[in-house]
Amino acid sequence: MTTEPEPMTAHNPENLRALHDRWSRMWRGDLRQAEDILAPGFLVHQARPDGSDSEAVTGPARLVPEIEQTMAAFGDITITVDLGPIVDGDLIAARWTMRATYTGGIPQATAPVGTKISFSGHDILRVADGRFVEYWTCTDILDGLAQLGAVSGPNGPAQN
């Protein structure tokens, strides 16, 4: 008896880890990944520092501008996956840390250009038909903003 290979859309751990690797490349600036790995109805569940509705826009149009804004405000970006990806059914979870150099442009930031920052977060992603369809993220962006002097926090404002 022969068996057919599992289709790429199957929720096996190897396929989902490979999909998460493409997700990580996208967050490191390879935005060509977006159309292939994000479903048109891709939904982001996220508490936004500005109070905006993270679910108002869907699909790649929701996430690509956020990645572009990150790339515009920071250089020398490294994002490491500290834990995971952990796969359970159609879900992928990972803990990550972003380290970068501030290049300017964040309102209320008092830190000088060139300030090094580091903050962490964790993501849960749901997959259907080989693409990400939902994204829950908890990012310690307030820690990053405090390091830039844009808000008060346990690690900020940043010092020269």
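Pro85 sits in strand 2, which covers residues 74–88. In this predicted model, the peptide bond that leads from Gly84 into Pro85 is cis, and its omega is near 5 degrees.

The relative accessibility of Leu91 is 32%, so the residue counts as partly exposed. That class lies between the limits of 20% for buried and 50% for exposed. Leu91 also takes part in a nonpolar surface patch, together with Ile124 and Trp136. The area of this patch is about 220 Å². A residue needs over 30% relative accessible area to join a patch, and Leu91 has 32%.

Gln108 is placed in the loop that links strand 3 to strand 4, the latter spanning 116–128. Its backbone phi is positive, about 70 degrees, although Gln108 is not a glycine. With a relative accessibility of 62%, Gln108 counts as exposed, because the cut-off for that class is over 50%.

Asp129 is found in the loop between strand 4 and strand 5, where strand 5 runs over 131–139. Here too phi is positive in a residue other than glycine, with a value near 55 degrees for Asp129. Asp129 has a relative accessibility of 66% and therefore counts as exposed.

Terms used. Residues are numbered from 1 along each chain as its sequence is written. This is a predicted model: local features need pLDDT of at least 70, side-chain atom pairs count only at pLDDT 80 or more; totals for chains, interfaces and linings use all residues. Side-chain values use heavy atoms; hydrogens and water are left out. Patches are made of residues with over 30% relative accessible area and no salt bridge: like charges are joined within 9 Å, nonpolar side chains (Val, Leu, Ile, Met, Phe, Trp, Tyr) within 5 Å. Accessible areas come from the Shrake-Rupley method with a 1.4 Å probe; for residues, only the protein chains shown count as cover. A salt bridge is a side-chain nitrogen of Lys or Arg within 4 Å of a carboxyl oxygen of Asp or Glu. Buried means under 20% relative accessible area, exposed over 50%, partly exposed in between (1.4 Å probe, protein chains only). Helices (H or I, at least four residues) and strands (E, at least two) are DSSP runs, numbered from the N terminus.
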